[in-house]
Every structure is written in C-alpha cells, then in structure tokens.
Amino acid sequence: MFDAQQMAGALGSLKAAADIAKAVMGAKVDFAVKEQVMSIQQSLLEAQQAMLAMQEAMADANKRARQAEEALVAANDWAKEKERYKLFTPYTGAVVYAIKESEARGEVPHYICTNCYEQRRKSILSYAKLPDGWYSLRCSACKREAPTNFRSAGQAKYPPE
Ligand SMILES: [Zn+2]
C-alpha cells in the first residue's frame, strides 16, 4: 500500500524530472531534442495529475476508514450502555427504559426514551407539566411524551429485577 509519504516522494521526483526537462528546453539543443523533451514534459504532466488524483482518493479513503472506526466504537459503547436499562412501565400506558439498580453505578434512578433507545440514542426523560395540569414524562430529543396520570411530578424508581 502506497502511503502519504511515498506519494509525496513520488511527486517530488516528478517535479525534479520536470525541472530537468525545463532546463533542457532552455538550453541550446537541436529542435529534434526539444521535440522529444516536450513529449517527456507532457508525460510528466499526466503522471503528476494522476498522482494528485490518487493522493486525493487516498485522503478520502483514509477519512472514510476513520469514520467507520468511530462508528464502530460508538456502536460498541452503545451495545454496553443499552444493557444497563430495562423496559419498565412506571405508570399505566407509559413504557420507558429504566436504569437497573444493579447497573446504576451511583446514578440516581432515571428513565430514558424508548423511541430514542431504538435509534441508539440515550435521552433521559423529565417530568413536564401539561397545560391541563397533568404531568407527563417528556423526551427533550424526540419530543415524545408518556402520560403519568398524576397531577404532580413523580420520582423515577429502579425497575424490579
Ligand atoms: Zn426520545
């Protein structure tokens, strides 16, 4: 595999060859020689362009590889994180993911959004008072609400394990 340093070296060599060709063109030589050198210059130019295109493609491939690696790390992190939560129904009709007590690691009990969970995103639900006075559990990321059927804010609790 060609790396960036080799690529820069090859481009440097091509430039050196182009400089020599230029010097020959400036010297007092036969027209026949100049004709040959012009053809060399054309080939050098084409090689340079090809190398530059390759350099660009290489940078692009490196960027994609980095992105894929980051996505993999994020997926692995989420795979571990999601296991800390359990589906739970704290209120009739309100399904959430709740942090398991055995996985809390010092975190207070809290609920996260099931919709965001399915999209590999952790979004903590908060109690929100609706205009009619009832409270719901609201996701600030996707705006979903789950009813609590209470007129006061509750307190998240650990699900039974
Ligand atoms: Zn959500």
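Reader: Which domains does the domain assignment give for the protein chain?

Author: In this predicted model, the domain assignment divides the protein chain into domain 1, covering 4–79, and domain 2, covering 83–150.

Reader: And what distance separates the centres of domain 1 and domain 2?

Author: Taken over C-alpha atoms, the centres of domain 1 and domain 2 are separated by 55 Å.

Reader: Let's take Leu 11 then; which helix does it lie in, and which residues does it touch?

Author: Leu 11 belongs to helix α1, which runs over residues 4–26, and, leaving aside residues up to four places away in sequence, Leu 11 touches Gln 48 and Met 51.

Reader: Is Leu 11 buried, exposed or partly exposed, and why?

Author: Leu 11 counts as partly exposed because 16 other C-beta atoms lie within 10 Å, whereas a residue is buried if 20 or more lie within that distance and exposed if 12 or fewer do.

Reader: How many Å separate the C-alpha atoms of Leu 11 and Thr 114?

Author: Leu 11 and Thr 114 are 103 residues apart along the chain, and their C-alpha atoms are separated by 54 Å.

Reader: Changing topic, what is the strand order in the open sheet, and is the pairing parallel or antiparallel?

Author: The open sheet has 3 strands in the order β4-β5-β6, and the pairing is antiparallel. Its edge strands are β4 (125–129) and β6 (145–150), each of which pairs on one side only, and the twist from one strand to the next averages 30 degrees.

Reader: What holds paired strands together in general?

Author: Strands of a sheet pair through backbone hydrogen bonds, and the arrangement can be either parallel or antiparallel.

Reader: How many bridges are there between β5 and β6, and which residue is the partner of Arg 138?

Author: Strand β5, made of residues 135–139, pairs with β6 in the antiparallel sense over 4 bridges, and the bridge partner of Arg 138 is Glu 145 in β6.

Reader: Where are they placed, though?

Author: Arg 105 is in the loop between β2 (94–99) and β3 (111–112), while Arg 120 is in the loop between α3 (114–118) and β4.

Definitions and conventions. Residues numbered from 1 in each chain as written. Predicted model: local features only at pLDDT ≥ 70, side-chain atom pairs only at ≥ 80, totals over all residues. Pairing = 2+ DSSP bridges. Helix = DSSP H or I, 4+ residues; strand = E, 2+ residues; numbered from the N terminus. Axes fitted to C-alpha atoms, helices over the stretch in contact; angles between N-to-C directions. Domains from an automatic or database assignment. Contact = placed C-beta atoms within 7 Å.
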